[in-house]
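Here is a short briefing for a first look at this protein. Keep the 3D view open while reading.

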Amino acid sequence: MVMIEVLLFGYFLTCVCADRVADVVLDCTLVEEGVGLGGMGGGTQFTRTPATLVLRDVAVAPDESLETLTPFLPPSIPDPDAILLEATVSSPEIPDAHVLLHADCNEQEVTCEISRYSPYGSQESSEPAYFMVSINVEGVEFSTALILQTLAVEKDQSTLIQNKLGLPLGQSGTLLTEVIFLVFSHIKSVSAHLRSDVLLNCGFKQQEIPLAQEVAVEWRLQHKGKGGKVLEMKTRLDEAEGSTVVHAERKGSSVDVSQVVGEGNASVTLTKLKASDEGTYICTVSVGLFHAQQVIQLHVTQQPDVSLSEERLVLTASPQTLSCHCTKYYPLDVQMEWLSLSPTDTEPTVLPHQGSLSSHRQHGDGSYSLSSHLTVPSSVAPGTKITCRVSHPALDAPLSVTLVVESPEPGSYWVVLGFLIITVLFFYQVMS
């Protein structure tokens, strides 16, 4: 088993102007699994070797200038120690591969991962040989996993053998391959609100092969060390009647079987999202002997609703409690604060340590609620604005609710005073 880590931040381009295609050359690092350390706490060791991948015939958009693309030239003297893979990608075509043309100029890091690949039931020593290549571009929604198959090379006494891989090289000194299967996604990460629906994108392409093959799609979710199956589908590319089986572990998850068979669209729809749906989704597509994966992060969010316990606050002779309710938000991170702006101030004042918080309350859909309570003294000046301000990751800016402290209604002081006098006289007569 061979894995790859790659730091790709620069590459060359070559074009064939007549066909509006270009070649992209990626600098990679081949990582091969080695012997484990053994014993307690042992692990797997890996060896890392520089490698190069040439993607031939990448489609160029009609408005793309071809004059800036520099032709790729194979080494003048083939080097059997160099790992140089050459892959034709025009059929099947890599979706959105044009983003590779300018990633270097846009200072976007490109990551390429490669592994030796063994189809189901094959022997590692058999020919042709296979490689798995994963390519991601930082800052754009481009992610694809390719399976490469080596092409037959007519061997003679002059044929060079790549020293590390033990495979014959073409006359140009490259390891000739072709893309035979790929799984891709147009998104790496998506955010969606609680109780909403979301589509997680995943697709696949392959060479023209007989349709009498089984295709299987599996979606799994991993989150906080736990994992489980979301949905599994099996069908045949010839759409034989009664051949399709779909098993949805997660209620409300579905795939469109006709889209899977007709267009290679293995996307899954999740309805009525809960907080427990958040995590890392793995889309695995298997066709015949080959399978590959894509990984998508789903972030569940929900903006809080913020309200005050009172619509009006009229001054009385005693302090009053004002509550701010922050409800139905996700994730848990939330900040609540009180501010006061008197008629004589120009800037509001944050009221530290003046509010008391309730405990978090969690609802059935995973959302949370929290309340903050503020004691408003009777000495506060009429016309003072009291604001509850809430900050949360789902908000672009803090959310505030405000009320204005009102003066007592005319005559209300005399009513209160008269009530107190009557009360005192009553008790005096009772006690005398």
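Rings of Phe, Tyr and Trp (its six-membered ring) count as a pair if their centres lie within 6.5 Å. By that rule, Y117, Y130 and F290 form one aromatic cluster. The model shown is predicted. The points below start with the whole protein, then turn to the cluster and to the strands.

**Overall make-up**

- The protein has two helices and 29 strands.
- It consists of 432 residues, and 41% of them count as buried.
- Among contacts with a separation of 6 or more, 63% are between residues 24 or more positions apart.
- The accessible surface is about 23,500 Å². Carbon and sulfur atoms hold 54% of that surface.

**The aromatic cluster**

- Five aromatic pairs turn up in a search of the whole structure.
- One of them joins Y117 and F290, with 6.3 Å centre to centre and 25° between the planes. Planes under 30 degrees apart count as stacked, so this pair is stacked.
- Y117 lies in strand 6 (residues 110-117), while F290 lies in strand 19 (residues 290-301). The pair therefore ties together parts that are 173 residues apart in sequence.
- Y117 and F290 are both buried.
- F290 also pairs with Y130, at 5.5 Å centre to centre and 55° between the planes. This pair is tilted.
- Y130 belongs to strand 7 (residues 130-137) and F290 to strand 19, so their pair links parts 160 residues apart in sequence.
- Y130 is buried, as is F290.

**Strand 10 beside strand 19**

- Strand 19, which holds F290, runs parallel to strand 10, and five bridges join the two.
- S189 of strand 10 has Q297 as its bridge partner in strand 19.
- Strand 10 spans residues 189-193 and has two faces. V190 and A192 make up the covered face. S189, S191 and H193 make up the uncovered one.

- In general, strands of a sheet pair through backbone hydrogen bonds, either parallel or antiparallel.
- This open sheet has five strands in the order 21-29-28-23-24, and its pairing is mixed.
- Strand 21 (313-314) and strand 24 (349-350) are the edge strands. Each pairs on one side only.
- Within the sheet, strand 23 (residues 335-341) and strand 28 (residues 385-391) run antiparallel. Seven bridges join them.
- Opposite E337 stands R389, in strand 28.

Notes: Residues numbered from 1 in each chain as written. Predicted model: local features only at pLDDT ≥ 70, side-chain atom pairs only at ≥ 80, totals over all residues. Heavy atoms only, no water. Phe/Tyr/Trp six-rings, centres within 6.5 Å; stacked < 30°, edge-to-face > 60°. Helix = DSSP H or I, 4+ residues; strand = E, 2+ residues; numbered from the N terminus. Buried < 20%, exposed > 50% of the residue type's maximum accessible area, 1.4 Å probe, protein only. Pairing = 2+ DSSP bridges. Contact = heavy atoms within 4.5 Å. Areas by Shrake-Rupley, 256 points an atom, 1.4 Å probe, with all protein chains shown as cover.
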